[in-house]
Structure formats: C-alpha cells, structure tokens
Amino acid sequence: MFKGPVPPIVPFSLGSLGFMTPFHSEHFKDCLDSVLRGPISITLRHRLLCRVVRDAAKNEYETEEPFLVLNEVTIDRGISSYLTNLECYCDNSFVTCVQGDGLILSTTSGSTAYSLAAGGSMVHPQVPGILFTPICPHSLSFRPLILPEHVTVRIMVPFNSRSPAWASFDGKDRKLLAAGDALLCSMAPWPVPTACQVDSTNDFLRSIHDGLHWNLRKTQSFDGPRDRDL
C-alpha cells in the first residue's frame, strides 16, 4: 500500500509465529487503547528496494517497476533441473558465483523467515543490513554473509548459465531472469515503523523464544559429575 513513507502500524497476529506482529487480535480493543494512550516504542523495519535490469537496457537506470520487500527477495532455479549460476557483486566488487538452488537477499526483519531455514543467522530487526544467504549451495565452504546497509547488491545471470533464474519478492510477483538480466537490490529509504508491545529487543527475544523455542533444553543437573578436588 505504501511505496514511499509509511505511517506507524499496529501489527496484529493472525498466524502462528508472529515475529513482526506482537499484538493478539482477540484483544484488539485493549491493545489499541493502550497504543493510543501511549507512550509506545517503535521498531523501524527496513525494506529492500529491488529493480530488474534487462540485458537490452541501455544502463542500470532503465529498469522495470521496482519492488519493495519487507522480508526477502529470492532468486532460484524454478522448475529447472540445473543448478543456478548467479554472479554476485557488492557495489563494484565481485562477491562470488552462486551454484546451487539459489540465493536469498533478506532484511534483518526477514532473518527469521526463509533465510533462517536456509542456514542464515537471526538478526535483531533494528540492525541495518542485507543478509546474503545461499540456498543449498553445491559447496562445503559457502557461508552466509551480512552486508552493510549502504551497498547495492547486483545479481546477474551470466551468458554461460545453463538455464534462466526466477526472482520472487516476499514470495510473490515471480519474474524470469534470462541470461544477461540482473537484479539490483539496495536498502529502501522508507522503513516500516511498527508499534512494539514492550520494546524492540523484548519483542524480538520473546518471538524467537515463543515461536522457535530458541535454545530450549533441560537445565544441567546439579547432581552430575563433580571435580575430584571438591
């Protein structure tokens, strides 16, 4: 709805995990009353601005309609049986060539979504950055990266690729990327301000504890093995 600046949003949970929606819909009247009385804390959730540049374009400014994503943009092999072959650049520096099922470029708010399932780190949503997470790479040494917020990431399908790639934006709007096409991704200048139930850190930690049962294990028994000297 908001391609530019976004007004503050009070997010209600209608799903099962609620990483970005700390308020429960069954108590919406009480929640809204509390928010309107204030004071409240705000989480500024960063978005990615994504543009597709076709091989026939005269320059990088000749792009299709841009996409704004709150979670992630995914470049994958679609129905092809071949590995993706993606050349990746950060500003003007070559990063790597992705050979695998694909690549995820995620916001920090999206770090607990698809990127997490692909082995990416969980990142506090207030940390500005772009997560660079491969999907099933055919390599033993391809670890995820977190890039600074000021860079532009360019993902290109090289001309020697065996098949095209597909880009999807927050799981929607699939776009075919043929040989020579590129996807440009940078931090959007307009974050999404969402109201917190307590504060940004408390809401984030509670969501990974309740939603993912993060680091849940039995406490070590006091009656276990002891030092001989004791």
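**Close-ups of paired strands and a surface patch**

**View 1. Strand β14 pairs with β11.** In this predicted model, β11 (residues 152-156) lines up antiparallel with β14, and 5 bridges hold the pairing on record between them.

**View 2. Strand β14 is covered on both faces.** How many residues of β14 (residues 182-187) are buried? The count is 6 of 6, so to speak a mostly covered strand. On one side sit A182, L184 and S186, and on the other L183, C185 and M187, every one of them buried.

**View 3. Strand β15 meets β3.** These two strands run antiparallel, and 4 bridges join β3 (residues 42-45) to β15. I42 is a handy place to begin: across from I42, the bridge partner in β15 is A195. Within β15 (residues 192-195), V192 and T194 point one way while P193 and A195 point the other, and all are buried.

**View 4. A nonpolar patch on the surface.** Which residues make up this patch? They are F28, L32 and L36, and together they have about 310 Å² of accessible area. L32 belongs to helix α1 (residues 28-37).

How values were computed
Residues are numbered from 1 along each chain as its sequence is written. This is a predicted model: local features need pLDDT of at least 70, side-chain atom pairs count only at pLDDT 80 or more; totals for chains, interfaces and linings use all residues. Side-chain values use heavy atoms; hydrogens and water are left out. Buried means under 20% relative accessible area, exposed over 50%, partly exposed in between (1.4 Å probe, protein chains only). Two strands pair if DSSP finds at least two bridges between them. Patches are made of residues with over 30% relative accessible area and no salt bridge: like charges are joined within 9 Å, nonpolar side chains (Val, Leu, Ile, Met, Phe, Trp, Tyr) within 5 Å. Accessible areas come from the Shrake-Rupley method with a 1.4 Å probe; for residues, only the protein chains shown count as cover. A salt bridge is a side-chain nitrogen of Lys or Arg within 4 Å of a carboxyl oxygen of Asp or Glu.
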